[in-house]
Amino acid sequence: MENSKKCIVVTARAVPESSLTQNRRSFYSALVSGLGSAISVGLALPSVAYLFVGHKADKTSNFVEAANLTQLEVGKPKKVTFERTRVDAWRMFQEKVIAWVVRTDEENVVAYSPQCTHFGCAYHWEATRDQFVCPCHESRFSIDGKVLGGPAARPLDRYSVRVENGKLLIGSEIRKA
Amino acid sequence: MFRRLLDWLEDRTGVEGAVKRFLYEDIPHSSGWHQVFGSVALFAFLVQASTGILLALNYAPTPGEAYDSLRYLLRQVTAGRLMRAMHHWGASLMIIVVVVHMIQTFVWGAYKKPREATWIAGVALLLLTLAYGLSGYLLPWDNRAYWGTVVTTEIAALVPGVGPLLVRLLGSDGTSIGAVTFTRFYVAHVQLLPPLTALLIALHIYLVRRHGVTPTPEDENHPRKKFYPEQVAKDTVAIFVWFALLMGMSILARVPLGRVADPTDLSYVPRPEWYFLFLFQFLKWFEGPLEVVGAVILPTLAVVGLLLVPFIDRGVMRLVRQRTGAIGLVLLAAIFWGGLTARTVATTPETREMDMSMVEPWQEISAGNMASIGFFRRAQCGSCHELGKSGVGPDLTAAPSSRPASWLEEHMKSNAKAPGALTDAQVQALVTLVTKRSDKAVDAWRNAPQSAVEGALVYQAHACASCHRLNDAGNDLGPPLNGVGERRDRAWIEGHFANPPKYSSGSIMPRSQFEPDQLKLITDYIMAIPK
């Protein structure tokens, strides 16, 4: 009698304890993966935003006087050099900028960025062929910037321009993807 | 499929088995919440390492550019301010958790044989953590960084015998610090300390595993348990709480950026980071030739004492509740540290230093320029000349106008939407802004808050510039007004307007009676101008 009683007690204790342990085990595992994921997300979100979300630009670029309209002949490209302030992240400095400028009529001017849209070499105007020609891989562009031949895949990049009081003002580069 | 991949990996590298051995390590039955701090410290180090690397991606480690790049990071980089706050508060929270980890080890007597080496590696890690704090302190290159580090190098110079060598090693000439010191602190912070820390952490964890988690005398009567999942779960909860605290602080408490380091700014009173404040106060007790005792000898003895703890206390393992001596020592140290820290805090004068990362371009241009922006707005020029886009009239902020001044004057007088709003002198001032201005003025033109512009109009109307200099414009009959908001409080400035001699004896400044709203506008405005 004494013996069987003891036996019952043992089983009665053993059964709930093992199921409790099982429950606790899964509870602990769930806690580890749940909180672990929360921490990972908390670390990853700011990092991804920091690395991949665009930075706030401090200012929009100003237009700078680059040439007098009187210096430009209609239909004859001219290489123009001007100075502007460049903001490069935390640095700010004066830099010389070059543009190929074409006066299309009395009032209108286009300004091309001086680099070939293929691999960025400096192209030049060949008056005899009436083309912009890149010395690197022989991309050729028409006076209105279109690709005439060679490996370049897109027309010449332009600067935004304005004409005021007979003066040509050049702003930031407009890059088309 | 996945199973096969794992088996392949296990066969070639044994990584799965290693992870399993790590997780299913036997630990004493008594293990629990009091042993979570080591894991939290490791996590804190990983957070510091990752935020540190991210910060370095937008940081120029040279004295001139460091400050500008940090300001750029804070103002323009997405989540840059949060990232810096995480690194800053993470450092403080890491020191807290490292010290708590050490106190736990000490109170439980976990340094006893055979765990002496584990303890020594731990003390070395504590010193490394403090070294990060000292070297990282200089990197923002603001006044706080500069003057704080001057003190650090001066203390290094006091070390008997090797002082001059240490100073040379730190790249200082003994009186000021410059490019070489900066570079060495940077190299120490990002190139020397991290691999050293990683190595010591590896050693420390290896030793913990080699000797096992310290059991208590009671553990002999209990079966051992596995590290995973119970203890891992407790560690994870602790890490989560630490991380939540870090994120909360980083989002809510802004970390300011002071003025750029200025070796000639003798008005700056440096204070060390909070965990070193006690040392700052402690040094006041040691005068004259005794200063080396407080600055070098006693701190060194304290470190040596810490290293020797396992060799001094060689008694048998005892229960925590029987270790009254150890608990008493910790309490004494806490009272010593807390008392000195509280004393420093109580004796530190309140500073109103401006957070330079929050200073906008309008706070850095002349009051005259600001007033001209006010004329532009008052005459409603913006109804045709929309700023930032071309409307009916050209965008005047895009490029300086090349029209002759006479044309512009005539144009402003005849075309103003609010006719007669401006006097001739005001029209001329506006012509100047339209034809000649700085980039900061352009930004202010677009973005300056109206209240600040009106404050500048009051300033201009009362000709304050005929006696005072502000942002490099005006005369020097009276004191310059840059930084007046840091030197004086609002009540002083407002009272001073009404009765200057009452506040500064011998003042020749005429009394000004402002309407209450005007008084607020001009006071707000001048208080916003940084030093």
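User: Start with chain A. How many helices and strands does it have?

Analyst: Chain A has one helix and 10 strands. Along the sequence the pattern is α-β-β-β-β-β-β-β-β-β-β.

User: What share of chain A is buried?

Analyst: 17% of its 177 residues count as buried. Among contacts in chain A with a separation of 6 or more, 40% are between residues 24 or more positions apart.

User: And confidence in chain A? What is the average pLDDT?

Analyst: The average is 85, and 84% of the residues score at least 70.

User: Where is confidence lowest, and where highest, in chain A?

Analyst: Lowest in helix α1 (residues 2-52) of chain A, with a mean of 77. Highest in strand β7 (residues 140-141) of chain A, at 96.

User: Which residues of chain A stay under 50?

Analyst: Residues 1-18 of chain A. The model gives that stretch zero contacts beyond four places in sequence. Where pLDDT is low, the predicted coordinates should not be read in detail.

User: Then which non-glycine residues have a positive phi?

Analyst: Asp130(A) is one of them, at about 60°. Asp130(A) lies in the loop between β5 (124-126) and β6 (131-133) of chain A. Ala463(B) also has a positive phi, of about 50°. Ala463(B) is in the loop between α18 and β3 (469-470) of chain B.

User: Is Asp130(A) buried or exposed? And what about Ala463(B)?

Analyst: Asp130(A) is exposed, because 12 other C-beta atoms lie within 10 Å and the cut-off for exposed is 12 or fewer. Ala463(B) has 10 C-beta neighbours inside 10 Å, so it counts as exposed.

User: Helix packing next. How do α14 and α18 of chain B pack?

Analyst: Helix α14 (residues 367-378) of chain B packs on helix α18 (residues 450-461) of chain B at about 115°. Their axes are 8 Å apart. That makes α14(B) roughly perpendicular to α18(B). The crossing is left-handed.

User: Which residues meet in that contact?

Analyst: From α14(B), Ala367(B), Gly368(B), Met370(B), Ala371(B), Ile373(B), Gly374(B) and Arg377(B). From α18(B), Ala452(B), Val453(B), Glu454(B), Ala456(B), Leu457(B), Tyr459(B) and Gln460(B). By class, the residues of the contact of α14(B) with α18(B) are nine nonpolar, three polar and two charged.

User: What about α15 and α16 of chain B?

Analyst: Helix α15 (residues 405-415) of chain B and helix α16 (residues 424-435) of chain B have axes 10 Å apart, at an angle of about 120°. α15(B) and α16(B) are therefore oblique to each other. Their crossing is right-handed. Residues in the contact include Leu408(B) and Met412(B) of α15(B), and Val427(B) and Leu430(B) of α16(B). The residues of the contact of α15(B) with α16(B) comprise seven nonpolar, two polar and two charged.

User: Last topic, Leu126(B). Where does it lie, and what does it touch?

Analyst: Leu126(B) is in helix α6 (residues 116-136) of chain B. Leaving aside neighbours within four places in sequence, Leu126(B) contacts Val98(B) and Met102(B). Leu126(B) and Val98(B) are 28 residues apart in sequence and 6.7 Å apart in space, C-alpha to C-alpha. Leu126(B) has 18 C-beta neighbours inside 10 Å, so it counts as partly exposed.

User: And which residues does Thr197(B) touch?

Analyst: Thr197(B) touches Phe45(B), Leu125(B) and Leu128(B), not counting residues up to four places away in sequence. Thr197(B) lies in helix α9 (residues 179-211) of chain B. Thr197(B) is partly exposed, with 19 other C-beta atoms within 10 Å.

How values were computed:
Residues are numbered from 1 along each chain as its sequence is written. Chains are lettered from A and ligands numbered from 1 in the order in which they are written. This is a predicted model: local features need pLDDT of at least 70, side-chain atom pairs count only at pLDDT 80 or more; totals for chains, interfaces and linings use all residues. Helices (H or I, at least four residues) and strands (E, at least two) are DSSP runs, numbered from the N terminus. A residue is buried if 20 or more other C-beta atoms lie within 10 Å of its own, exposed if 12 or fewer, and partly exposed in between; C-beta atoms are placed from the backbone. Two residues are in contact if their C-beta atoms, placed from the backbone, lie within 7 Å. pLDDT is the predictor's confidence in each residue, from 0 to 100. Axes are lines fitted to C-alpha atoms, for helices over the stretch in contact, and angles run from 0 to 180 degrees between N-to-C directions. Angles under 35 degrees count as roughly parallel, over 145 as roughly antiparallel, 65 to 115 as roughly perpendicular and the rest as oblique. A crossing is left-handed if the near helix is turned anticlockwise from the far one by less than a right angle, and right-handed if clockwise. Ala, Val, Leu, Ile, Met, Phe, Trp, Tyr, Cys and Pro count as nonpolar, Asp, Glu, Lys and Arg as charged, and the others, Gly among them, as polar.
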